Amino acid sequence: PIVANQIAAGEVVERPASVVKELVENSVDAGSARIHVEVESGIARVRVRDDGSGIEREDLPMALMRHTTSKIRRLEDLEAATTLGFRGEALAAISSVSELRLASRPSEAPVGHQIWVRYGDVAPVEPVAMGVGTEVEVSHIFAQHPARLKGLKTPAREFGVIQETVQQLALSQPEIQFHLIHDGRTVFQTAGRGHRPEAIMAVFGRDVASQLLPIDYETESGIRIEGFVAPAHIHRANRVGQGFYVNGRWVSHWGLRSVVEEAFRPNLPDRRYPYFWFWLTMPANELDPNAHPAKAEVRIYREQALKAVLFRLVRDALVKTSPSPRI
Ligand code: ADP
Ligand code: MG
């Protein structure tokens, strides 16, 4: 099983940021109100702590086993899959290529329990003093896989990817308080009050957040499009200030991204990128549920129609800020 887990790890654990993404998504699934992500020395140690439902003592070993926890037991489950994690293999995969400590305490439990896994070797469960919730600590990622270790960028670059990942996850769930800490210093912290501009401000600062143009629209097919764009004169050298969140999940969608950028384009300098964030609430029958679960891509059935609407919404929002023409 260790080998199978390590093969799965090739898909799930591309780099330290993918570990963080899986752990945070589990915390989101657990109904947490607060999620702390702590990173030490670039990527040496990653710790995700939440105040969610926790895991019962007797379920701890199972949480680390591949597929045993998969929520998909029937086809209907797949179609109804609303939680972020539904493959039941992330913890198994991560712990097969790292040292992992999983500690958890459900609210009714008097103490917590923890379990260590080192490269797939699971140690016995032991009690531990901790608050209610779950803490997962991962270190020595790829220490036994020199080729994959060599494939990583510098610790600073890898931390940059982690930061972007946590920012996106925080914006995807503005009602959850996120706190990202790097070597003991706060990188950002969101309020978790569900107010999207507030979350954008926590991540990108007041200059961007104070000028946001709101978008709120519902298509005939029942797709709710809520979003914010910054005026075209505010831009940056990369695409970190952009995001699509579909039904609470951060996704990447090349087609949607290009059409939004195109709507900005006439007013944008070369190689500069606009700020925009869209939260899409879509009926399940508008999405292909079989898109690769480990990847953040989604397939939207009526993509062309949605693109046309997005283009128009962005253009309309931007027009309101451009100087009025002289008569
Ligand atoms: P999946 O999320 O696909 O079910 P994972 O390997 O990511 O698979 O997690 C395995 C299981 O461990 C989850 O289904 C959940 O029951 C439990 N679990 C993991 N992380 C947490 C957490 N932070 N809080 C509560 N339960 C968790
Ligand atoms: Mg998961």
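This is a guided tour of a predicted model, moving from the whole chain to single residues.

**Before selecting anything**

Residues are numbered from 1 along each chain as its sequence is written, while chains are lettered from A and ligands numbered from 1 in the order in which they are written. Because the model is predicted, local features are reported at pLDDT of at least 70 and side-chain atom pairs count only at pLDDT 80 or more, whereas totals for chains, interfaces and linings use all residues.

**The whole chain**

Colour the protein chain by pLDDT, the predictor's confidence in each residue on a scale from 0 to 100: the mean is 90, and 88% of the residues reach 70 or more. Then select residues 74-86, where the pLDDT is below 50, although this stretch has 24 contacts in the model beyond near neighbours in sequence; a contact here means that two C-beta atoms, placed from the backbone, lie within 7 Å. Where pLDDT is low, the predicted coordinates should not be read in detail. For the model as a whole, the scores are ipTM 0.99 and pTM 0.91.

Switch to a cartoon, and the protein chain shows 11 helices and 18 strands, which are DSSP runs numbered from the N terminus (H or I over at least four residues for helices, E over at least two for strands). Of the contacts in the protein chain with a separation of 6 or more, 65% are between residues 24 or more positions apart. Of its 327 residues, 38% count as buried, a residue being buried if 20 or more other C-beta atoms lie within 10 Å of its own, exposed if 12 or fewer, and partly exposed in between, with C-beta atoms placed from the backbone.

**The nonpolar core**

Next select V20, V24, I94 and V166, which touch the most other members of the largest nonpolar core, a set of 71 residues. Such a core consists of buried Ala, Val, Leu, Ile, Met, Phe, Trp, Tyr and Cys residues joined through C-beta atoms within 7 Å. It draws at least three residues from each of domain 1 (2-189) and domain 2 (211-319), with bounds that come from an automatic or database domain assignment. Centre the view on V24: leaving aside neighbours within four places in sequence, V24 is in contact with I35, V37, V48, V166 and L169.

H36 stands opposite H179 in β8, and H179 in turn has Q189 in β9 as a bridge partner. Strand β9 (residues 185-189) pairs with β8 in the antiparallel sense over four bridges; in the hairpin that these two strands form, with two residues between them, look at D183, which takes a positive phi near 50°.

Return to β1 and follow its pairing with strand β2 (residues 45-50), which runs antiparallel to β1 and is joined to it by six bridges. Here V37 has V48 as its bridge partner in β2, and in the hairpin of β1 and β2, which has four residues between the strands, S41 takes a positive phi near 45°.

**The loop between β4 and β5**

Y119 lies in the loop between β4 and β5 and has a positive phi of about 50° although it is not a glycine; with 17 C-beta neighbours inside 10 Å, Y119 counts as partly exposed. G120, found in the loop between β4 (112-118) and β5 (121-122), counts as buried, with 21 C-beta neighbours inside 10 Å. G120 and S96 are 24 residues apart in sequence, yet their C-alpha atoms are 4.3 Å apart in space. Beyond neighbours within four places in sequence, the contacts of G120 are I2, N5, S95 and S96.

**The five-stranded open sheet**

Finally, select the strands of the open sheet, which has the order β10-β11-β16-β13-β14 and mixed pairing. β10 (213-218) and β14 (249-251) stand at the edges with a single partner strand each, so one side of each is left without a neighbour in the sheet. The twist averages 20° from one strand to the next. Within the sheet, β11 (residues 224-229) and β16 (residues 276-281) pair in the antiparallel sense over six bridges, and F278 in β16 is the bridge partner of G227.

End at N247, in the loop between β13 (242-246) and β14. N247 has a positive phi of about 50° although it is not a glycine, and N247 is partly exposed, with 17 other C-beta atoms within 10 Å.

Conventions:
Two strands pair if DSSP finds at least two bridges between them. Axes are lines fitted to C-alpha atoms, for helices over the stretch in contact, and angles run from 0 to 180 degrees between N-to-C directions.
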